[in-house]
Amino acid sequence: MDTPMSVTTKPFGSCQETVVKAFCITNASGASATVITYGGRLISLKMPDRSGKLSEVILGFDDLESYEKDSSGQGALIGRYGNRISRAQFSLNGQTYHLAQNDGRNHLHGGSTGYSARVWDAGITGDNSVTLRLFSPDGEENYPGTLQIAVSYTLTDENELRIHYTARTDRETVINLTNHSYFNLSSCSSGDVLEHTLQVESDAITEANPELIPTGKLLSTGGTAFDFTKPKKIGRDIRCGDKQLKLAGGYDHNFVLRGKGLRRVATLCAPDTGRCMDVLTDQCGMQVYSANFLNCAELPLRGGRPQQPRAAICLETQHYPDSPNHPEFPTTVLKPGELYDTTTIFRFYTA
C-alpha cells in the first residue's frame, strides 16, 4: 500500500559553526530525494528500475567532510555563475570585474568559494518540497550586486524531481545557476555510463577553445560525435578523433537547445535497468559532461567506490558559458526589479 508523501529532517554534521541539515523527501511509492544545506547539494536520489527496485541514480559521498573536500561539485547548487568565464573577468556598464582564477587563468562555477561551499538556510515548504535560501552580498567573489536566492526541490508522485530557482538583485549583475548532479541510471556502486543512451534536442554546440572557453562560434552537430538528435550510446564516439572531444578528454560542452519555454530537451536511458530520465527546462543551453576529470583517488565515493572518469554524466541546464563576454549569446544580466526565474525537471520512468 502506498504511503503518503513525507519530508524528514536530520543533522548531517556541522560546518562553519553551523549545523548542516539533511532533508529527505519520499513519495508515495518510496522514491526519495535528499538535500543538504551545505552547498544546497542533492546527495541522494533513489528511483525504481523496471523490476521496481529502488537504487541510487546519482553519485555522492557518505559524509559531510567528503563534500567539504570535494572539487567535482557532486550534487551542488552552482553559482553565482555556473560554467566558465574567460580570463576570470567581464565588463558590465563600463566597469570591469576581476574574478577568481580557479580554472587555470579562467573562472569556474562561481569561484574559489562558490555557492556549492556555502551553508544555505532551508525549510520544508510542503509535504513534498524543500526550499533553500541564500543571501549573496555585493562583492562576494567580486560579483556586483546583492542577491536574494531561493531554490526549491520538489519530488512528485510521478517520480519527477523539480528544481525551481529564483533570485533578485539590488544592482545589475550576471547570474547562471545550475545543479551539478552526476547521473548513473544503472548502478552508482560500479560501472560507467558508456552504454547509456542519450538523446538531446540540439543541432549545435558552442565551439570551445583549448581552455574550454566558447569561441563565439556555433558548431553544427549533424553527422558529428556531438549528434545526439537520435538516441545514441554515450560511449559510441567518445574516443573518436573529433577535435572538440580531444580538447576536453570527452564530452564537456554546451549544447544549444531547441525551442523555448519549459520543454523536454534530453532523455537518458540505461538499457540494463530500464531506467530512463527526461530532462525538461526553460533554459537555452545544457552542459553535457562525461565526468572526464572525476579522478580524485584520495576521496572515494559512497560506499568506498573509487572515483573514475565516465562513472556518471552531468546534464547541467544553463545559459551558455562565458555569456558575459559574448554579447551575441543570450544575456545573463539580471537587473533590479527583475526576477530570475527558471525551472528544471528530471522526470524518471522505466522502459
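The radius of gyration is taken over C-alpha atoms, and the rule for a globule is 2.2 Å times the number of residues to the power 0.38. With 351 residues, a compact globule would have a radius of gyration near 20 Å, and the protein, at 19 Å, agrees with this. The structure is a predicted model, in which local features need pLDDT of at least 70 and side-chain atom pairs count only at pLDDT 80 or more, while totals for chains, interfaces and linings use all residues. Residues are numbered from 1 along each chain as its sequence is written, and side-chain values use heavy atoms, with hydrogens and water left out.

The C-alpha trace spans about 60 × 50 × 40 Å along its principal axes. The protein holds 2 helices and 27 strands; these are DSSP runs (helices H or I, at least four residues; strands E, at least two), numbered from the N terminus. Of the 351 residues, 60% are buried. Here buried means under 20% relative accessible area, exposed means over 50%, and partly exposed lies in between (1.4 Å probe, protein chains only). The protein exposes about 13,900 Å², of which carbon and sulfur atoms supply 49%; accessible areas come from the Shrake-Rupley method with a 1.4 Å probe, and for residues only the protein chains shown count as cover. A contact means heavy atoms within 4.5 Å. Among contacts with a separation of 6 or more, 66% are between residues 24 or more positions apart.

The side chains include 34 positive and 39 negative ones, and the centres of the two sets lie 4 Å apart. In this count Lys and Arg are positive and Asp and Glu negative, with His and the chain ends not counted; the place of a charge is NZ of Lys, CZ of Arg, CG of Asp or CD of Glu.

An open sheet of 9 strands has the order β11-β12-β13-β14-β27-β23-β22-β17-β20, with antiparallel pairing. β11 (121-126) and β20 stand at its edges with a single partner strand each, so one side of each is left without a neighbour in the sheet. Two strands are taken to pair if DSSP finds at least two bridges between them. Within this order, β22 (residues 263-269) and β23 (residues 275-281) pair in the antiparallel sense over 6 bridges, and arginine 264 has leucine 280 in β23 as its bridge partner.

Strand β18 (residues 202-208) is mostly covered, with 6 of its 7 residues buried. β18 pairs with β21 (residues 252-257) in the antiparallel sense over 3 bridges; in this pairing serine 202 has leucine 257 as its bridge partner. β18 also runs antiparallel to β19, to which 4 bridges join it, and isoleucine 205 stands opposite leucine 219 in β19. The hairpin of β18 and β19 has 5 residues between the strands, and in it leucine 212 takes a positive phi near 65°.

Glutamate 211 is placed in the loop between β18 and β19. Glutamate 211 counts as partly exposed because its relative accessibility is 29%. Apart from neighbours within four places in sequence, glutamate 211 is in contact with Arg84, Arg105 and Asn106. The C-alpha atoms of glutamate 211 and valine 20, which are 191 residues apart along the chain, are separated by 35 Å.

Threonine 221 lies in the loop between β19 (214-220) and β20 (232-233). With a relative accessible area of 1%, threonine 221 is buried. Not counting residues up to four places away in sequence, threonine 221 touches Ser202, Asp203, Ala204, Ile205, Phe226 and Asp227.

Most residues other than glycine have a negative phi, and most peptide bonds are trans. A cis peptide bond, with omega about 10°, joins glycine 79 and arginine 80; arginine 80 lies in the loop between β6 (76-78) and β7 (84-85). Alanine 88, in the loop between β7 and β8 (89-92), has a positive phi near 55°. Asparagine 93, in the loop between β8 and β9 (95-98), likewise has a positive phi, of about 55°. Alanine 88 counts as buried at 1% relative accessibility, whereas asparagine 93 counts as exposed at 63%.
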